[in-house]
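These are my notes from an afternoon of looking through one structure, written down in the order in which I looked things up.

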Amino acid sequence: MVWAEAAVAQVTVRFVAPERYTDAGNRFGSGLPLQGTLGEIRRIFEELGRRGLPPGRALAVEILDIDLAGAERPGANIPFGVRVVSDVTPPRFRLRYVLTEGRRKIDAAEEVVTDINFLMRATRLSNGAFDYERDLLRDWFRTRIVDARPPAGGF
């Protein structure tokens, strides 16, 4: 039980001014309300930390903006809206992070994380809400945090 709590503490997520995010709330009934979306994004980061951070490392992430995959279409599913996903509406996150090991800073940056080719993944099968965002953040985490590779145009 203590180990599980320590693993979660490896990743801390802070949402900066979420009421101003580009697209994270449920304005037209097509998904979760803002607090639900933020909870899911927090869980994604915590799970990535549990699986990918070695003991002794910690990641602090500030989410500065969220633009979920797709766009809401009000009235398309009366009385609710529907989220339509296309290749011109990729998920996008603007974030700031600090990776540490003990008291030593390993890496820190602010960047925009997106993938305009998110729909071209051959193995892409949607299982539910936030699949595109989960895949994007998983790939970013693996590349930037686990493999420590610098941005190469895709992120």
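I began at Arg 57, and I found that it stands opposite Glu 101 in strand β5. I keep in mind that this is a predicted model. Widening the view from this pair, I noted that β2 and β5 (residues 92-101) pair in the antiparallel sense over 10 bridges.

Two pairs of residues let me follow it along the strands: Val 11 stands opposite Leu 59 in β2, and Phe 15 stands opposite Ile 63 in β2.

I then asked myself in what order the strands of the sheet come. I read the order as β1-β2-β5-β6, an open sheet of four strands with mixed pairing. Because β1 and β6 (104-114) stand at the edges with a single partner strand each, one side of each is left without a neighbour in the sheet. I also noted that neighbouring strands of this sheet are turned by 15° against each other on average, with direction ignored.

Helix α2 (residues 34-52) lies across β1, β2 and β5, and it runs at about 155° to β1. Helix α3 (residues 131-146) packs on the sheet, where it touches β2, β5 and β6, and its direction makes about 35° with that of β5.

My last entry returns to β2 (residues 57-67), for which I looked up burial: eight of its 11 residues are buried, so the strand is largely enclosed by the rest of the structure.

Terms used: Residues are numbered from 1 along each chain as its sequence is written. This is a predicted model: local features need pLDDT of at least 70, side-chain atom pairs count only at pLDDT 80 or more; totals for chains, interfaces and linings use all residues. Side-chain values use heavy atoms; hydrogens and water are left out. Buried means under 20% relative accessible area, exposed over 50%, partly exposed in between (1.4 Å probe, protein chains only). Two strands pair if DSSP finds at least two bridges between them. Axes are lines fitted to C-alpha atoms, for helices over the stretch in contact, and angles run from 0 to 180 degrees between N-to-C directions. Contact means heavy atoms within 4.5 Å.
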